[in-house]
Each structure stands twice: as C-alpha cells, then as structure tokens.
Amino acid sequence: MDKKPANVYEGMLSAENIRLAVVCARFNEFFVSKLLGGAMDTFFRHGGKEENLSVAYVPGSFEIPLAVSKLMQSGKYDAVIALGVVIQGSTSHASYINGQVSKALGELALKHGIPAIYGVVTTENIEQAIERSGTKAGNRGADAAHSAIEMANLMKALPGC
Ligand code: INI
C-alpha cells in the first residue's frame, strides 16, 4: 500500500506559544509538589514561558474540577493539568474521589474544547506514591505536561480550531 492519508494531524512538543494552567491539590502536598516540579520542568524545557504558566491550589483532589472549570471559562489557557495524589486506604474518601474527578475532567474538556490533562496519581499505598512522584516509575507530573503540550498544539492544528 503506497497510498497516504490526505491529512495527518499531530501535536508538536513545543511549549513556546502554549498557555498552561496547573491545578494542584494540597492534600498529600509532599507528593503533589514533586508532580508540580516535574510538570514545570517539562514545560520550561520545551520552551514554555514564565508568563504563560499559572498554578492554582485547591484543598484536595475532589475540588480540582471546579477550579479547572473556572480556568477554562476564562479563555486564557490552551490546556489545564490536574495534579493530585489519592492514596487508597488513607481515608474512606479515596475510592469516591477518583471516579468523580476523572469523569468531571473528561466532561470539562469536551464542554470547553480545551484539553484537561489527568495527572492525579492513584495509589494503593505511600510506596507507590513515592514511585510515581519522581522515582522508580517516573514523574506523572512531567508525563502530564508532555500530554498537555501535545494536546494544546494538536487543538491548534486540527481543522475548525
Ligand atoms: N484528597 C486527595 O487529594 N487525596 C486523598 O488521598 C484524599 N483522601 O484520601 O481523603 C483527599 N481527600 C480530600 C478531598 O479531596 C476533599 O478535599 C475533601 O473531601 C473536602 O471536599
């Protein structure tokens, strides 16, 4: 098969013209601050500008979607990242939070046409939280920033955007 598609749409990994907002839960702040560090490092290493980065703090992961919604409504951002750490078993809350937050973020992205990047780490214990906040299993904040940059650029490239 030597035929090719007429159009291929891809999001480049340049953050030079990307306006990014990050919403951070204060709950499990020790880990969330590591995720934020990873996200910021990735944003700046891909050419992101300080004036194009905003960070908002909420008490816990459950409050993330409302802050994301307001940031999207402002029209000032090309992508919004949600960062939190939900450790199962630390309280009975944990199991309720994940489903709610991921569903709400998906709905907000579709409603506003702006990428909502899910950087909420869900773990069974503290060891797994350590692994995903910049050690053995990488840094999920850095992963989230990569996804945000790619999706923000894809949105600019797709027809009708
Ligand atoms: N918030 C988190 O971000 N992570 C958790 O692990 C967590 N646990 O386990 O309870 C958590 N709870 C707080 C919650 O997000 C709300 O802030 C709170 O219920 C007030 O609405």
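This is a predicted model: local features need pLDDT of at least 70, side-chain atom pairs count only at pLDDT 80 or more; totals for chains, interfaces and linings use all residues.

**Entry 1**

I then looked up the strand order and found an open sheet of four strands, β2-β1-β3-β4, with parallel pairing. β2 (53-58) and β4 (116-123) stand at the edges with a single partner strand each, so one side of each has no neighbour in the sheet. From one strand to the next, the twist averages 15 degrees.

Next I checked what packs on the sheet. Helix α1 (residues 29-45) does, touching β1, β2, β3 and β4. I read the angle between the directions of α1 and β3 as about 155 degrees. Helix α3 (residues 94-112) packs on the sheet too, with contacts to β3 and β4. Its direction makes about 170 degrees with that of β4.

**Entry 2: strand β1**

Which strands does β1 pair with? I found five bridges from β1 (residues 20-25) to β3 (residues 79-87), running parallel, and six bridges to β2, also parallel.

Is β1 mostly covered or mostly open? I have it down as mostly covered, with six of its six residues buried. Leu 20, Val 22 and Cys 24 point one way from the strand, while Ala 21, Val 23 and Ala 25 point the other way, and all are buried.

**Entry 3: a positive phi**

I stopped at Asn 28, in the loop between β1 and α1. Its phi is near 60 degrees, a positive value in a residue that is not glycine. I flagged that because most residues other than glycine have a negative phi. Asn 28 counts as partly exposed, at 22% relative accessibility.

**Entry 4: salt bridges**

How many salt bridges does the structure hold?

I began with Asp 78 and Arg 19, whose closest N and O atoms are 3.0 Å apart. This pair links distant parts of the chain, 59 residues apart: Asp 78 is in the loop between α2 (64-73) and β3, and Arg 19 is in the segment before β1. Asp 78 is buried, with a relative accessible area of 13%, whereas Arg 19 is partly exposed at 30%.

Asp 78 also meets the side chain of Lys 156 in a salt bridge, at 3.7 Å from N to O. Here the partners are 78 residues apart, with Lys 156 in helix α5 (residues 140-157). I logged Lys 156 as partly exposed, at 46% relative accessibility. My sketch therefore shows Arg 19, Asp 78 and Lys 156 linked in a network of salt bridges.

My other pair is Asp 41 with Arg 45, where the closest N and O atoms are 3.3 Å apart. Why about one helical turn between Asp 41 and Arg 45? They are four residues apart in helix α1, so about one turn separates them. Asp 41 is partly exposed, with a relative accessible area of 41%, and Arg 45 is exposed at 67%.

How values were computed. Residues are numbered from 1 along each chain as its sequence is written. Side-chain values use heavy atoms; hydrogens and water are left out. Two strands pair if DSSP finds at least two bridges between them. Helices (H or I, at least four residues) and strands (E, at least two) are DSSP runs, numbered from the N terminus. Axes are lines fitted to C-alpha atoms, for helices over the stretch in contact, and angles run from 0 to 180 degrees between N-to-C directions. Contact means heavy atoms within 4.5 Å. Buried means under 20% relative accessible area, exposed over 50%, partly exposed in between (1.4 Å probe, protein chains only). A salt bridge is a side-chain nitrogen of Lys or Arg within 4 Å of a carboxyl oxygen of Asp or Glu.
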